[in-house]
Structures are given as structure tokens and as C-alpha cells.
Amino acid sequence: MTSFRRVLSSQLRNVIRSRWMVGHALLLLAVTILLLRFGGSGERALLSLVNLVLLLVPLVSVVFGTLYVYNAREFIELLLAQPVGRGSVYLGLFGGLALPQTVALWIGVGGPLVLQTVAEPAVVRPLVMLLAVGTCLTLVFTAFALCVAVLVEERARGFGAALLVWLGCTVVYDGLILLLLTTFRDYPLETPVLILTFLNPVDLARVVLLLTFDVALLMGYTGSVFSDLFGGGLGIVIAFGTLLVCAAIPLAAGFRWFGRKDF
Amino acid sequence: MIAGFLAVGVVTVSSAGPVRRLSDALALARPGDTVIVTAGRYVEAGTVRVDRPVTIIGRGRPVIVGRGDHTLLLITAAAVAVTGLVIEHVLPISTEDRAGIRLEGATGCRLEDNDIRDTYFGIYGAKVSDCRIEGNRVTGPARREQASGNAIQFWSSDRLTISGNRVTGHRDGIYLEFVTASVLSDNQSVANRRYGLHFMSSHGCTYRRNRFQHNGAGVAVMYTRDVTMEGNEFLDNRGQAAYGLLLKDISDGAIRDNRFRRNTTALYLEGANRLEVTGNRFEGNGWAVRLLANSVGNRFENNLFTGNAFDVATNSRSASSTFSGNYWDQYRGFDRNRDGRGDVPHRPVRLFSLVVEQNDPALILLRSLFVDLLDQAERVLPILTPETLTDLAPLMEPPR
């Protein structure tokens, strides 16, 4: 445990010193402030923030995470030569990456929104949802980043793979769902589509945010399965649970590969 | 007995005095008299008939309670005024329209500042003209839709003024059928089981500054011409069959300066013709405007569209309504000559709205990057969305 803590703190120092995280936080801060100031009405600004959280946060998490692990390779090898368990090193890496990014997200998006909330208390629920979803996505995509970095030996290919993971989750997956929907439009597809949505963390996060921002619209959705599931608070709980599982699976897989990897 | 006539033309009802019931007072009163009901609780065994022109005034909010199996107050005379009463307890029945206050063939009547609670129909009028229904509060027991009547209903009536009433907990808040040349203003119709406002074949009526909120199915109006709706608020009407304002076979009217917020569908037009839709605000709705192909010749100008998932949806490629000079928060054009109008036309119909129209479960892909990319591609090179449905001069700034 102490070795995990030491690895974690050294990783934290490293990540923060790399200035990437500072840049990330500043970028989020700037975009959020700009959106709130110039993004038109409050609703519109919040909707733009949804896109920021759904697209930018996973992208930065997966790309930065992957590159960081490649850069830290020598350091990792050095660590592994010491009497330190691989579990400690792996989890230290994960924590060292995920924590600063979460903090960056909270400062960058949460900070300006809190200020906005003082003026407009109706923003509290969306704010909490945005930050919760963003945090979950950070965990998920940091875990993906570790998987990619462990599995792919070469740096350039790893970078490409990280981008592919992001592209797959945000664009390609939805394209396939739409294709499925149009191909089999004569069949009742609500349940299958709902299940497919739950299998992709970005889609799941999007649905959770839709429930926060577009309730009026979703009430018009004829799929009773959907309204049954998300009508009460249970759907949100299930969704967040699933998001955490989405993070746990790649994390566990990466751990397994990391344990076996011949450095 | 003599005490009741001490003041000329005034009959006083009080639980301690000689006249102890409203029905007794009305039997004594001559045309033109005033009946004053003092504070207290008066139980009536049957319908109280007002068959001569009298003024009934409640002092200290007296409560008139019925047994439940009859209409409480039945007004058949002209120039009757009823103010300050609390009318309570009429049970539902499917064979007759029992009401708290029922007007039959009455003219020039005035119902003002009454509380009507726990009744089947609140105020029901048939063949009525030139009446004023003002500042009443009609509160229903919120039974299920089939077992509740309408808060205010008029049938075959003319020149009514219905204003400042608050109606809630009934089937329809306000229901008009064959009512003409009437004005409804400043009413609040909240949390009714079915419609906040519902009218059919009620030509030439005006609706101003009313608020319709949290009603089961919003507002639905049908088969009427010459309707004017100004400054009303349509809020929070959510559900698969709920509409901020549903217009079916409505023609030659004006929908002006209304506010639509957080409705599943804000404005739905089916067979609605030659309407002038101007200066309205559509904010945070699922569908702001659903325009069916059988709606012809409507003009949409100077409206504000912001935060809606779909600004305009339609079921046909050819549009016969015109959009011009509206503000769209999704507009991405520019204004080089600085005249406040965008130089590039705006296409408010998203490709995705067409997809959802035909394929309902696809709604779950809303706000997906993929769908946004598809929409952008379609905007650049329209293939599927209606070509004619464009705003040629979109506003750059929201109208004040």
C-alpha cells in the first residue's frame, strides 16, 4: 500500500509538472467561460458544454494517457526493477493520470459554472450531472489509454489506436446504430438499441445528459422501455453503475496485460 | 321576517338571522334586490335557482355546500351578479353536467371572485351571452380524467369575458364549444388532467396573457377561424401526446408574442391555414414547431428559437408556409452588410428530425457527434430536407 502511495504521488508530481494538465484545465476554463459569456442563452451554453464534456474530455484522456505512458516507459522499467509490485505501479499510473484530469475538469468546467450557479440556481442539477459524467468518462478513457499503451508496443501506432478508440466511441458506434435502425426499421428495436447504448460509455454518458437537458423531448419518446427505465431515478443509478463498470473492465484487462508484459 | 326587509331591496342571509338559507332569500327577493350572504356555512338540500335579476354578494366568504347530487347554483335570469361566494361539493355523474354554477340562457351576468371547490363541472354555461366571468378560482379534486368535468365550460354562447380566473385539477381548464366573439385574458390554467384550454368551432375569440402550465395534454384547439392568441404562456406540457399548442383546422388567425417553454411539442399545426405566427419565443422545447404538410400559407416571422432540440419538423419535402426574419440559435451564417439579417438562408429542418419522424427509436442518438455531422453535411448539400422551407433573412440578434 505504501509503495502504491509513493508511486501515485510521484506520478501526480510528474503529470502536473508536465504542464499538460495545466493547459487542459486552462483550455476547459477558457472554453467554458467563453460559452457562458457568449454562448447565447443559458440553455444553449449548457448544451455546448455537454458536447465539450462528451467529446473533448474523452479525447484528452485517451490521447494524453497513452502518450504519457509511452513517455514514462523508462521510468516504469526503472520502478519495476525495484522491489515494487506491478499492481502498485499500474494503479499508481492510473491514479496519477485520472486524478489530475478530474481536478482539471472540475476547475475548468465546474469553476465557471459554480460562479454562474450563484446567479442562476437552476444550473445546480445540470452542473452536478456534467461533472459526474465527465469524471466517469475520464476514468473510462484513462483505463482505455493504459490498455492501449500496454498492448501496443510502438508509440506512433499506440497514438493511432488511442484516436481510433475515441473515434469509434464517439462517431462510428453511433453510425452503426443508425445503420441498424434504418436497416431493421420494421422491427421493434427499442430494447436492442437501449442495450447497445449501454455498451458504449460515450453513448451512455450522452443519454444521462439528455435526461438532464432534454427531458421535455424524451417524454415524447414512444419507447416505453426507455421511459420505464429512466422515468424514475433508478435509470440514472443504473447508468452511472454501468459507466463505472465500463471503466473497471478495461482497467482490469490492462492490469492483466501489464502483469504479464515483458518489459 | 320583518328584519330581513329593514333595508329596502336587501335580503341578508345569516345563520342566526331570520333568513338562514340562500334559497329562502332568493324566494323572497324581488327583481333588482341585493342578497347579502354573511360568513358561515350554508347547506343546501337541492339546486338553488336564481330566476330573477338579483345581485348575490358574499361577505366574509360564506360557504354554500350541497349534498353532492345536484347542481348548486342555477342561473336562468338576466343581469344576475354573484360575487364572493364559496361553492362546494358536487359529485361526478356521467348522465348530466352538474356544476357548481350553471348558467342557462342567461344574459348580462357577472360571476366574480368566487371560489368553486370540489365540483364536477365548475362553471357551466349554455346559450349564454354578454356575461363576465372574472377572478374566480375553480379547484377540482384532481380525479382521473373520466371522472372529472371541466372547470369552465361554455356551449353555444356569445360575447363572454373570461378573465383573471385560476382553474386547476379538472379535466379541461377552459372548454368552449360554439362560443363566438369572446375574450379570454389573464387566466391561469394549471395542472388539469387533459387540456388547459380546449375549444371547437368558437370563431372570432381572443386569448390574451393566459398561462397554461403542466396540463396533461397542453392546449388543443380545433375547427375554428379568426382566432387571436397574444402574450400567452405555454409551459411544461410534457408527454407523448402533449402539446404546448395544438392547432387542428384553424384558419385565419394570429399567434403573436406568446412564450413556449419546455414543452415536448410547442406548436403543432395540422390543417392550419393562413395563420400569422409572429414574435413568439420558443425556448427549450423538444420540437418547437411541427408543421404538417396540410398546413398552407402560414407566415412565421420575428420568432425566437433557442435551446430546442428540433426547431422545425415537417412530414413533407414541399413546404407551403413561409419563414422569414426569425432568430435561430442554430444559425451559423454571417451578415456582411450589417443590416441585422443573415446573408445566407437558414434551413431550420434538420435531417435528423426527418430520421426520427420515420424511425422513432433513433431519438436516442440525439446530440451524438455522428448525427451532428450528418446534419451539417445535409445543410451544406440538402438532399432530403425540404428545399423550400428556408428562412431567407434570419435575424442575427434575438428580437428584444
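**Figure 1. Helices H2 and H5 of chain A pack at an angle of about 25°.** In this predicted model, helix H2 (residues 20–38) and helix H5 (residues 86–119) of chain A have their axes 8 Å apart. Angles under 35 degrees count as roughly parallel, so H2(A) is roughly parallel to H5(A). The crossing of H2(A) past H5(A) is right-handed. On the H2(A) side, the contact is made by Met21(A), His24(A), Ala25(A), Leu28(A), Leu29(A), Thr32(A), Ile33(A) and Leu36(A). Their counterparts in H5(A) include Pro100(A), Ala104(A), Leu105(A), Gly108(A), Pro112(A) and Gln116(A). By class, the residues of this contact are 13 nonpolar and 6 polar, with no charged.

**Figure 2. Helices H9 and H12 of chain A pack at an angle of about 155°.** The axes of H9(A) and H12(A), the latter covering residues 234–260, are 10 Å apart. Angles over 145 degrees count as roughly antiparallel, and H9(A) and H12(A) are therefore roughly antiparallel to each other. H9(A) passes H12(A) in a left-handed crossing. H9(A) contributes Pro201(A), Leu204(A), Ala205(A), Val207(A), Val208(A) and Leu211(A) to the contact, and H12(A) contributes Ile236(A), Ala239(A), Thr242(A), Leu243(A) and Cys246(A). Of the residues in the contact of H9(A) with H12(A), 10 are nonpolar, 1 is polar and none is charged.

**Figure 3. Chain A is in contact with chain B.** The contact involves 31 residues of chain A and 28 residues of chain B. On the chain A side, the elements giving two or more residues are helix H3 (42–71), helix H7 (155–183), helix H8 (190–199), helix H9 (201–213) and helix H10 (215–218). H7(A) gives the most, with 8 residues. The side of chain A that touches chain B has 15 nonpolar, 9 polar and 7 charged residues.

**Figure 4. Strand S13 of chain B is largely enclosed by the rest of the structure.** Strand S13 covers residues 121–126 of chain B, and 5 of its 6 residues are buried. Strand S10 (residues 99–104) of chain B runs parallel to S13(B) and is joined to S13(B) by 5 bridges. One of the bridge pairs is Ile101(B) with Ile123(B) in S13(B). Strand S16 (residues 152–158) of chain B also runs parallel to S13(B), with 4 bridges joining the two. Here Ile123(B) has Ile152(B) in S16(B) as bridge partner.

How values were computed:
Residues are numbered from 1 along each chain as its sequence is written. Chains are lettered from A and ligands numbered from 1 in the order in which they are written. This is a predicted model: local features need pLDDT of at least 70, side-chain atom pairs count only at pLDDT 80 or more; totals for chains, interfaces and linings use all residues. Two residues are in contact if their C-beta atoms, placed from the backbone, lie within 7 Å. Ala, Val, Leu, Ile, Met, Phe, Trp, Tyr, Cys and Pro count as nonpolar, Asp, Glu, Lys and Arg as charged, and the others, Gly among them, as polar. Axes are lines fitted to C-alpha atoms, for helices over the stretch in contact, and angles run from 0 to 180 degrees between N-to-C directions. Angles under 35 degrees count as roughly parallel, over 145 as roughly antiparallel, 65 to 115 as roughly perpendicular and the rest as oblique. A crossing is left-handed if the near helix is turned anticlockwise from the far one by less than a right angle, and right-handed if clockwise. A residue is buried if 20 or more other C-beta atoms lie within 10 Å of its own, exposed if 12 or fewer, and partly exposed in between; C-beta atoms are placed from the backbone. Two strands pair if DSSP finds at least two bridges between them.
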